[in-house]
Amino acid sequence: MNTILSRANTIFAFTLSVMAALTFCCFLTTAMNDHLSPIKIDVNKIIVKNVQDFSTTREKNDLGFITFDLQADLQHLFNWNMKQLFLYLTAEYTSPNNKLNQVVLWDKIIRRGENARLDYRSLHSKYYFFDDGKGLRGNQNVTLTLSWNVIPNAGTLPRISGVGSKTFQFPDEYTPGNARI
């Protein structure tokens, strides 16, 4: 005969199986959603300095400063299965030291129910834009891209790049040390 513990174990296992099946069905309802959205990025102010980096080799490295405008409407991305969006702006460029450099300059978390229309003007980068050498001065091909991770209640965590990017160049000369950013 079955004891109370074995019956409780059976009920618990059956409940977990039903919950897993329902969670998978919930995932399937939003699995094929398109998470793309057009974005617009403009770069306003571009400065490059040669400063000492105290965090690594203590040598002088290039440090870039930019201010940018960012417009995007991400409201349509939210559905019942999405908790939040993790947005991040990356700069991608090549340098003599590396074939590919990627630097995260800014990020933001937008939770469900918050305003997902971005209209920022003259925004400064949130993180330092250091190069591991002298690869920023005169660099002709720096590309800014806004990407996001969709954080769902159930399902995969896709990484999406926005439709649109901005390519700019750094000045050929260093900005004097006392210039305002």
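In what order do the four strands of the open sheet lie? The order is β4-β3-β7-β8, and the pairing is antiparallel; strands are DSSP runs (E, at least two residues), numbered from the N terminus. This is a predicted model, in which local features need pLDDT of at least 70 and side-chain atom pairs count only at pLDDT 80 or more, while totals for chains, interfaces and linings use all residues. Residues are numbered from 1 along each chain as its sequence is written, and side-chain values use heavy atoms, with hydrogens and water left out.

The edges of this sheet are formed by β4 (101-111) and β8 (159-168), each of which pairs on one side only; two strands pair if DSSP finds at least two bridges between them. From one strand to the next, the twist averages 20°, where axes are lines fitted to C-alpha atoms and angles run from 0 to 180 degrees between N-to-C directions. Strand β3 (residues 82-93) is joined to β4 by 10 bridges, and the two run antiparallel. Gln84 stands opposite Arg111 in β4.

Strand β2 (residues 60-73) contains Gln71. Gln71 counts as buried because its relative accessibility is 15% (buried means under 20% relative accessible area, exposed over 50%, partly exposed in between, with a 1.4 Å probe and protein chains only). Beyond residues up to four places away in sequence, Gln71 touches Ile39, Lys40, Leu118, Asp119, Tyr120 and Arg121, contact meaning heavy atoms within 4.5 Å.

The structure holds zero disulfides, a disulfide being a pair of cysteine sulfur atoms within 2.5 Å. The sulfur of Cys25 lies 7.1 Å from its closest cysteine sulfur, in Cys26, and is therefore too far for a bond. Cys25 is partly exposed at 44% relative accessibility, and Cys26 is partly exposed at 30%.
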